Amino acid sequence: MGSVLAAASPSPAPAAAGASQGVQGLASVPPGFTMPPLSSVSPTSGQQTADAEPPLANPGTYEECHRKCKEVFPLQMEGVRLVVNKGLSNHFQVSHTVTLSTLGDSGYRFGSTYVGTKQTGPAESFPVMVGDMDNTGSLNAQIIHQLASAVRTKIAIQTQQHKFVNWQCDMEWRGEDFTAAVTLGNPDITVGSGILVGHYLQSITPALALGGEVVYHRRPGEEVAVTSLLGRYTGDNYVATLTLGAAGGHATYYHKATDQLQIGVEFEANTRMQDTTTSFGYQLDVPKANFLFKGTVDSNWMVGATIEKKLLPLPLTLALGAFLNHRKHKFQCGFGVTIG
Amino acid sequence: MPTIEELPPAEGPAPSRPPADEIDDDEDEDLDETLMERLWGLTEMFPDTIRTAAEVSASCSVSLAKTFYGFSRSALWVGTTSFMILVLPVVFETERLQLEQQQLQQQRQILLGPNTGMSGGMPGMMPPAPGKM
């Protein structure tokens with residue numbers, strides 16, 4: 001169930017050179033940042049504002065609520081990674097990745113992104129087709145297309161060598177002030193098994209959005225349904241999100257302190273494993289020095305950081321990462337170079 | 001025979017050995033033994049509560065010192081490595097940026113005259129003439 005939900009989040013979206021940004025342009029700005037409160041302006045205006053409420057904006061998708069905070073945290077890096085991105089045209093981009101690793105497998109991965117011609121906004125074009133294939137033959141592929149003005153669909157498959165591990169179809173409807181999405185994962189008609197996930201997110205006020213998620217999992221002889229609720233509050237320079245469910249709770253807080261410094265705090269409680277984790281992360285962006293630094297401190301006595309530095313004038317980006325677990329006395333470091 | 005047998009149980013050194021050495025040996029042995037015993041005997045004069053309090057405080061302070069030493073060791077290690085990972089790269093980069101900007105400023109000063117380098121410096125009175133220098 002976890003892998004389907006992870007795959008249900010929007011694709012990594014490498015930007016096509018000079019073209020629209022694809023999936024990441026979906027909901028990059030939460031409503032509170034762009035909507036000034038209009039209710040104080042003129043309740044007696046000539047328009048038909050019978051309830052005198054400011055127009056509510058679309059709240060974005062369900063998966064993106066925790067994303068702003070998660071992006072502040074560094075990723076654990078291990079081994080050496082070389083990525084070459086090449087844009088072949090406005091619509092097509094290709095990437096080669098070579099990974100050398102001490103703990104896992106080393107390999108080569110080829111990825112390609114195609115962005116279509118139907119332009120729906122300044123940063124979005126559809127259809128978007130993303131695929132990548134491993135040297136062992138494992139394939140990840142996603143197709144995202146906009147069927148109507150408010151309906152977007154996504155089909156994703158994932159294989160491990162020749163065996164299909166994940167296949168799912170996802171449909172999302174964006175209304176005026178709400179977003180509803182349905183995902184069908186790994187449906188198997190012969191066995192009668194599958195996973196059905198429903199998401200709903202509604203803007204109550206320009207700052208507050210509430211939503212829920214229902215996961216229905218069916219296997220021959222067993223069916224399980226799990227529900228969870230989500231609430232997100234957006235302030236001037238902060239976003240606070242809370243998810244509560246039977247499997248535990250997850251709360252995140254994102255704060256933009258200055259132009260350069262962003263802070264995220266995350267609290268996660270798991271009822272199945274009976275443990276809680278608190279993490280604190282910060283991101284320091286110094287564009288003058290082409291330097292991006294992300295650091296994190298954890299309640300599991302884990303300390304980690306990543307540095308990304310653009311080595312101008314060449315189109316090179318150097319990434320260094322180090323993670324240290326004080327409790328288990330384990331250290332992991334890695335570096336990567338991205339060309340293009 | 002009975003006289004010889006009777007003598008050893010009596011106190012005092014045995015007549016077979018020279019008396020002076022015997023006395024020294026015995027006293028040395030007695031001294032070693034009795035010094036510790038004497039000191040220990042001295043403590044017996046204090047009441048029980050004081051003795052137990054002294055014992056407890058001595059052992060507590062020893063264990064506290066050990067704990068504090070161990071804690072300070074691991075705290076120093078954790079602090080140093082965490083500082084190294086979380087703060088040091090940022091410090092390096094900001095210092096480098098500052099130095100670079102200073103260098104650029106200096107170069108601009110040398111190239112264009114002493115007033116163009118300063119942001120809000122004095123109004124330019126001297127014409128830039130680097131060649132004449």
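Guide: The account below begins with the salt bridges and then turns to strands, rings, a surface patch and confidence.

This is a predicted model, in which local features need pLDDT of at least 70 and side-chain atom pairs count only at pLDDT 80 or more, while totals for chains, interfaces and linings use all residues. Residues are numbered from 1 along each chain as its sequence is written, chains are lettered from A and ligands numbered from 1 in the order in which they are written, and side-chain values use heavy atoms, with hydrogens and water left out.

Side chains of opposite charge can pair when their charged atoms come close. A salt bridge here is a side-chain nitrogen of Lys or Arg within 4 Å of a carboxyl oxygen of Asp or Glu. Over all chains, the search of the whole structure finds 9 salt bridges. One of them is between Asp132(A) and Arg109(A), at 2.4 Å from N to O. This pair links distant parts of the chain, with Asp132(A) in strand S4 (residues 125-134) of chain A and Arg109(A) in strand S3 of chain A, 23 residues apart. Strands (E, at least two residues) and helices (H or I, at least four) are DSSP runs numbered from the N terminus.

Burial is stated by relative accessible area: buried is under 20%, exposed is over 50%, and partly exposed lies in between (1.4 Å probe, protein chains only). Asp132(A) is buried because its relative accessibility is 19%, whereas Arg109(A), at 30%, is partly exposed. Arg109(A) also forms a salt bridge with Asp134(A), where the closest N and O atoms are 3.8 Å apart. Asp134(A) lies in strand S4 of chain A and Arg109(A) in strand S3 of chain A, so this pair ties together parts that are 25 residues apart in sequence. At 22% relative accessibility, Asp134(A) counts as partly exposed.

A further salt bridge is formed by the side chains of Arg152(A) and Glu124(A), at 3.5 Å from N to O. Arg152(A) is in strand S6 (residues 151-160) of chain A and Glu124(A) in the loop between S3 and S4 of chain A, so the pair ties together parts 28 residues apart in sequence. Arg152(A) and Glu124(A) are both buried. Salt bridges that share partners join Arg109(A), Asp132(A) and Asp134(A) into one network.

Val215(A) belongs to strand S10 (residues 208-219) of chain A and counts as buried because its relative accessibility is 5%.

The next topic is strand pairing. Two strands pair if DSSP finds at least two bridges between them. Strand S11 (residues 222-234) of chain A runs antiparallel to strand S12 (residues 238-245) of chain A, with 7 bridges joining them. The two form a hairpin with 3 residues between them, and the bridge partner of Arg232(A) in S12(A) is Thr241(A). S12(A) is joined in turn by 8 bridges to strand S13 (residues 248-256) of chain A, again antiparallel. That hairpin has 2 residues joining S12(A) to S13(A), and in S13(A) His250(A) is the bridge partner of Thr243(A).

Aromatic rings of Phe, Tyr and Trp (its six-membered ring) pair if their centres lie within 6.5 Å; planes under 30 degrees apart count as stacked, over 60 as edge-to-face and the rest as tilted. There are 7 aromatic pairs over all chains. The ring centres of Trp173(A) and Phe178(A) are 5.3 Å apart with planes at 85 degrees, so this pair is edge-to-face. Trp173(A) is partly exposed at 47%, whereas Phe178(A) is buried at 17%. Phe280(A) and Tyr282(A) make a tilted pair, 6.3 Å centre to centre and 35 degrees between the planes. Phe280(A), Tyr282(A), Phe291(A) and Phe293(A) form one aromatic cluster.

On the surface, Leu82(A), Val98(A), Leu100(A), Tyr108(A), Phe110(A) and Ile339(A) form a nonpolar patch with about 460 Å² of accessible area together. Patches are made of residues with over 30% relative accessible area and no salt bridge, like charges being joined within 9 Å and nonpolar side chains (Val, Leu, Ile, Met, Phe, Trp, Tyr) within 5 Å. Accessible areas come from the Shrake-Rupley method with a 1.4 Å probe, and for residues only the protein chains shown count as cover. Strands S2 (92-100) and S3 (107-119) of chain A each supply at least two residues of the patch.

Last comes confidence. The model scores ipTM 0.71 and pTM 0.72. Chain B has a mean pLDDT of 77, with 62% of its residues at 70 or more; pLDDT is the predictor's confidence in each residue, from 0 to 100.
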